Amino acid sequence: MAYSRRPYRREYSGRKRQCRFCVSRDEIIDYKDMKLLQAFTDERGRIRKARRTGACRRHQSRVAQAIKRAREIALIPYTTD
Ligand SMILES: [Zn+2]
C-alpha cells in the first residue's frame, strides 16, 4: 500500500451523548455556581460551543445566559488575553 490508512475513528460509541442537564434533572444552572460556569468556558473565559459542551440547545443557552450574568457582576472574566 502506498499510503497508510488512518486508524478508524469511532463516530458513535453505542449511544448518543446526552446533555448533562437533561440527564440529571436536579442539576440547576446557577450564575453563582462558578465551578459549573468554568466547565462551560475555556481557559480564556470564553463560552464553549455547544458541540464541545454536549449540552442541548435549550440548556446551552441557559448556561450562556448564566455566564453573561456572572460576567456582569464580575464573578468571571469576559476574556483574558
Ligand atoms: Zn438539556
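**A working chat**

Author: Let's start with His-59, which sits in helix H4. Helices here are DSSP runs of H or I with at least four residues, and strands are E runs of at least two, numbered from the N terminus.

Reader: Before that, what kind of model is this, and how are residues numbered?

Author: It is a predicted model: local features need pLDDT of at least 70, side-chain atom pairs count only at pLDDT 80 or more, and totals for chains, interfaces and linings use all residues. Residues are numbered from 1 along each chain as its sequence is written.

Reader: What is the mean pLDDT of the chain?

Author: The mean is 87, and 80% of the residues reach 70 or more. pLDDT is the predictor's confidence in each residue, from 0 to 100. Where it is low, the predicted coordinates should not be read in detail.

Reader: OK, back to His-59. How many other C-beta atoms lie within 10 Å?

Author: There are 19, so His-59 is partly exposed. The cut-offs: buried takes 20 or more other C-beta atoms within 10 Å of a residue's own, exposed takes 12 or fewer, and partly exposed is in between, with C-beta atoms placed from the backbone.

Reader: What is His-59 in contact with?

Author: Leaving aside neighbours within four places in sequence, Cys-19, Phe-21, Cys-22 and Ile-29. Contact means that the two C-beta atoms, placed from the backbone, lie within 7 Å. Cys-22 is 37 residues from His-59 in sequence, yet the C-alpha atoms are 8.1 Å apart.

Reader: Zoom out. How many helices and strands?

Author: Four helices and zero strands. The order from the N terminus is α-α-α-α.

Reader: And how much of the chain is buried?

Author: Buried residues are 14% of the 81.

Reader: Tell me about H4. How far does it reach?

Author: H4 covers residues 57-72, 16 residues in total, and spans 23 Å from its first C-alpha to its last. That is close to the expected 22 Å, which is 1.5 Å times one less than the number of residues.

Reader: Which residues of H4 are buried?

Author: Gln-60, Val-63, Ala-66, Ile-67 and Ala-70.

Reader: Which residues form the largest nonpolar core?

Author: Nine of them: Tyr-31, Leu-36, Leu-37, Phe-40, Ala-55, Val-63, Ala-66, Ile-67 and Ala-70. H4 gives the largest share, four residues. A nonpolar core is a set of buried Ala, Val, Leu, Ile, Met, Phe, Trp, Tyr and Cys residues joined through C-beta atoms within 7 Å.

Reader: What does Ile-67 touch?

Author: Not counting residues up to four places away in sequence, Leu-37, Phe-40, Thr-41, Ile-47 and Ile-76.
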